[in-house]
Amino acid sequence: MVAKYAMSKNIVFLINTSEITAGTRGASLGPNAVITAARKKGSFIFGEHPVEKIKNLNELLDQPTVHQFAKRIDGLVEVYSVLNSKVASVLGNNEFPIILAADHGSAGGTIAGIKSAFPDKRIGVVWIDAHADIHTPYTTPSGNMHGMPLATALGIDNLECQKNEVAPETISLWNQLKQIGGVSPKINPQDLVYIAVRDTELQEDNVLSRFNIENYKVADVRSKGVSEIVKAIDEKLKDCDCIYVSFDVDSMDPELTSHGTGTPVADGLTPDEAKAILNHFANNDKTVCVEFVEVNPCLDEKINTMAEVTLDLVENIVQTLKK
């Protein structure tokens, strides 16, 4: 068995407000909505740990995009590059990044940064989300790149399911995106595990089936219990050297939280289930980074409730990491 990668839990918050890959506006306000929730509650976690802001390119939203099947991919290449450098730097300083990001499209840059920090390490990914986010420009129904980050990390095109004729300039940028950090692929399909994915397209289903990617559905969590699910994931990822946990708030049931996210899907996890899952991986010495995405206060019908729920999850992880 590969030994665990031990690191001290010196927490650094990275605030990434880039929302250029989403189909709705407002996720750029999500990270600060969580910080606002902390201030309202009287929580000082953002004063007790370093907070660093990542450059965004949201000004691109004020212009039309020429890339029909990979909207604003030119800006995303730069976002990936910045994240790659920053995440690698934080990890290189033996610090633990907790990332509060706007949309999920930039998560491929986070994975690039982990790979740059640990080029010889095998990275396991626990992707907690309502969506598989494994489309490519060749298969996307919308062109929104928050549906593509895992394809960039896996270095796949899914030409087997191609339905779009992609322009050469877009293809060139797509290949650049996959190569950020100088390594492609950055993860192996067998080292990717989904939790709560329940809204996919056929092209994504094909990839999951072809690579035998595990998806622990909400029904599995209910029938087997969180402890059995995380035990199975630990076993599946036992040969990985480090683990990245990516948490999209739409993995949770909007009726139990709010609709304060870009693409809510019914019948998700409860906040308590999410907390138990996240706490388990925060307790795992192999976990090197946790990311929270897609809080959108503009869509929150319960006045920042999604940010407050997310804050509770973040606080729980911080407490676990500091033990």
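The largest share of the lining of the largest cavity, three residues, comes from α1. Helices here are DSSP runs of H or I with at least four residues, strands are runs of E with at least two, and both are numbered from the N terminus. A cavity is a set of points, on a 1 Å grid over the protein atoms alone, where a 1.4 Å probe fits but cannot get out, and lining residues have an atom within 4 Å of a point. This is a predicted model, in which local features need pLDDT of at least 70 and side-chain atom pairs count only at pLDDT 80 or more, while totals for chains, interfaces and linings use all residues. Residues are numbered from 1 along each chain as its sequence is written, and side-chain values use heavy atoms, with hydrogens and water left out.

Let me stay with the cavity. The structure holds one cavity of 30 Å³ or more, and about 50 Å³ of space lies in the largest cavity. A volume is the space filled by probe spheres set on the points, which are joined across faces, edges and corners. Along with α1 (30–41), the elements giving two or more residues to this lining are β3 (95–101) and β8 (287–293). The lining consists of G30, P31, V34, L100, A101, F292, V293, E294, V295 and T310. By class, seven of these are nonpolar, two polar and one charged. In that scheme Ala, Val, Leu, Ile, Met, Phe, Trp, Tyr, Cys and Pro are nonpolar, Asp, Glu, Lys and Arg are charged, and the others, Gly among them, are polar.

Now to the helix itself. How far apart are the end C-alpha atoms of α1? They are 17 Å apart, which agrees with the 16 Å that twelve residues should span at 1.5 Å a residue. The expected span is 1.5 Å times one less than the number of residues. The buried residues of α1 are G30, P31, A33, V34, I35, A37 and A38, where buried means under 20% relative accessible area, exposed over 50%, and partly exposed in between, with a 1.4 Å probe and protein chains only. Their cover includes β1 (10–16), α2 (45–48), β3 and α11 (305–322). Just after α1, G42 takes a positive phi of about 85°.

L100 is placed in strand β3 and counts as buried, at 2% relative accessibility. Leaving aside neighbours within four places in sequence, L100 is in contact (heavy atoms within 4.5 Å) with L14, I15, N16, P31, V34, F46, F292 and V314. P31, V34 and F292 are also among the residues that line the cavity.

Is H104 buried or exposed? At 0% relative accessibility, H104 counts as buried. Its side chain makes a polar contact of 3.0 Å with the side chain of D129, and another, of 3.2 Å, joins the side chains of H104 and D133. A polar contact is a pair of N or O atoms within 3.5 Å; within protein, one must be able to donate a hydrogen and the other to accept it, and residues adjacent in sequence count only if both atoms are side-chain atoms. Not counting residues up to four places away in sequence, H104 touches W127, D129, D133, H146, P149, S246, D248, V293 and E294.

A pocket is an open set of grid points with protein on both sides within 12 Å along at least five of seven lines. About 300 Å³ of space lies in the largest pocket. Its lining divides into one nonpolar, nine polar and eight charged residues.

Finally, some backbone features. Which residues are joined by a cis peptide bond? S184 and P185 are, with omega about 0°, and P185 is found in the loop between α6 (168–179) and β5 (192–195). A196, in the loop between β5 and α7 (202–210), has a positive phi near 80° in a residue other than glycine; at 1% relative accessibility, A196 counts as buried. N94 also has a positive phi, near 65°, and sits in the loop between α3 (73–92) and β3. With a relative accessible area of 31%, N94 is partly exposed.
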